[in-house]
Amino acid sequence: MASDPKDIKIVFTDIDGTLFSHKTHQVPKSAIRAIEQLQRNGIKVFLCSGRNFYLIRKSGILDIVRPDGMVTMNGSNAIIDGNIIYRYPIPSTVVDKMIMFAKRLKFGLTLIEENEGHINMIDERVISAHEKYGTRFPQPRTFPDHYDRVVYQMIAFCDEFEESLILPHLENCKSARWEEYAVDIMLKDSDKSKGILSVLDYLGLKPEQAMSLGDNNNDMEMTVYTGIGVAMGNATPGLKAIADYVTADIDDDGWAKAMEHYGLI
């Protein structure tokens, strides 16, 4: 059951397909105004993305909106006032196993760190996924069999069949597919809601005082966890099914309309 909108003190929003349109490659002006109005009303706004801080900054979104903080890499980092208040990295043994699979099955693999990401190869699958999201891929490099850097998330540019071969061998891991040939691999007990929990604890707030907005399957946990979970009109059917409210499409001012629907602006 949804919380009382009057209790909402903080809003967590996904970026891609929720706040940032891939049709216009912009944040709708109505959403920018809505965020500013929320903040004037004393409601904090946090970005909550699968991207790491580097990719969020690179997108230019931080030049357009001024969030009160961020939950990055699908919940494995949380950042407030420029400080990382929560970290949940993937064990190096799991990363090394993923590198082995990428070499054997010959698929693109991105390893995402706090402030950068590295990829092993570029092929049509990698290019297609990045073009759709308007992101640039890093310069490819050969991964050593043992990767000695701290990794928080992995992206495998493979199909569902290849994913089904890999996943059972990755200890304590789960996947969230966001493109036909692109899937996030993360720890089973790591998702956006875990990052949100760390922020709420830090700020002394409760889940029922939080609202979330998303459009994809990696937004499911936060949609259920927060007091009010909103799905965009362009969201996946699965997310719409569990949301408290389905707003309009991102390009039809859906973000701002959700805030108006709940009387937050």
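This is a predicted model: local features need pLDDT of at least 70, side-chain atom pairs count only at pLDDT 80 or more; totals for chains, interfaces and linings use all residues.
## The eight-stranded sheet

Eight strands form an open sheet with mixed pairing, in the order E5-E4-E3-E2-E1-E11-E12-E13. Its edges are strand E5 (83-87) and strand E13 (245-246), each of which pairs on one side only.

The residues of H9 that are buried are Gly-254, Trp-255, Ala-256, Ala-258 and Met-259. These buried residues pack against E1, E11, E12 and E13, and also against helix H1. After H9 comes Gly-263, which has a positive phi near 70 degrees.

## Helix H1

Helix H1 covers residues 29-40, and its end C-alpha atoms lie 17 Å apart; this agrees with the 16 Å that its 12 residues should span at 1.5 Å a residue. Just after H1, Gly-42 adopts a positive phi of about 85 degrees.

The buried residues of H1 are Ser-30, Ala-31, Ile-32, Ala-34, Ile-35 and Leu-38. An α-helix has 3.6 residues a turn, so residues three or four places apart point the same way. The buried residues of H1 pack against strand E1 (10-13), strand E2 (44-48) and helix H9 (254-261).

## Nonpolar cores

The largest nonpolar core comprises 31 residues, and those with the most contacts inside it are Val-11, Ile-61, Met-211, Leu-213, Trp-255 and Met-259. Two or more residues of this core come from each of H1, E2, strand E11 (210-214), strand E12 (228-231) and H9. The greatest contribution is that of H1, with five residues.

Val-11 illustrates how the parts of this region meet. Beyond residues up to four places away in sequence, Val-11 touches Leu-38, Ile-43, Lys-44, Val-45, Phe-46, Met-211, Leu-213, Trp-255 and Met-259.

## The five-stranded sheet

A second open sheet has five strands in the order E7-E6-E8-E10-E9, with antiparallel pairing. E7 and strand E9 (173-179) each have a single partner strand, so one side of each is left without a neighbour in the sheet. From one strand to the next, the twist averages 20 degrees.

Strand E6 (residues 108-112) pairs with E7 in the antiparallel sense over three bridges. In this pairing, Ile-112 has Gly-117 of E7 as its bridge partner. Helix H3 (residues 92-105) packs on the sheet and touches E6, strand E8 (153-157), E9 and strand E10 (182-187); the direction of H3 makes about 160 degrees with that of E6.

Asp-123 occupies the loop between strand E7 (117-119) and helix H4 (124-133). Its relative accessibility is 21%, and Asp-123 therefore counts as partly exposed, since buried means under 20%.

The side chain of Asp-123 is directed to two backbone nitrogens. One belongs to Arg-125 and lies 3.2 Å from a polar atom of the Asp-123 side chain, while that of Val-126 is reached at 3.1 Å. Asp-123 and Phe-107 are 16 residues apart in sequence, with 8.1 Å between their C-alpha atoms.

## Buried polar residues

Glu-163 belongs to helix H5 (residues 160-166). With a relative accessible area of 14%, Glu-163 is buried. A polar contact of 2.8 Å links its side chain to that of Arg-177. Neighbours within four places in sequence aside, Glu-163 is in contact with Cys-158, Pro-168, Ser-175, Arg-177 and Val-183.

Asn-218 is placed in the loop between E11 and helix H7 (220-225). Its relative accessibility is 16%, so Asn-218 counts as buried. The side chains of Asn-218 and Asn-74 form a polar contact of 2.9 Å. Not counting residues up to four places away in sequence, Asn-218 touches Asn-74, Ala-176, Asp-184 and Lys-192.

Methods. Residues are numbered from 1 along each chain as its sequence is written. Side-chain values use heavy atoms; hydrogens and water are left out. Helices (H or I, at least four residues) and strands (E, at least two) are DSSP runs, numbered from the N terminus. The expected span of a helix is 1.5 Å times one less than its number of residues. Buried means under 20% relative accessible area, exposed over 50%, partly exposed in between (1.4 Å probe, protein chains only). Contact means heavy atoms within 4.5 Å. A polar contact is a pair of N or O atoms within 3.5 Å; within protein, one must be able to donate a hydrogen and the other to accept it, and residues adjacent in sequence count only if both atoms are side-chain atoms. A nonpolar core is a set of buried Ala, Val, Leu, Ile, Met, Phe, Trp, Tyr and Cys residues joined through side-chain atoms within 4.5 Å. Two strands pair if DSSP finds at least two bridges between them. Axes are lines fitted to C-alpha atoms, for helices over the stretch in contact, and angles run from 0 to 180 degrees between N-to-C directions.
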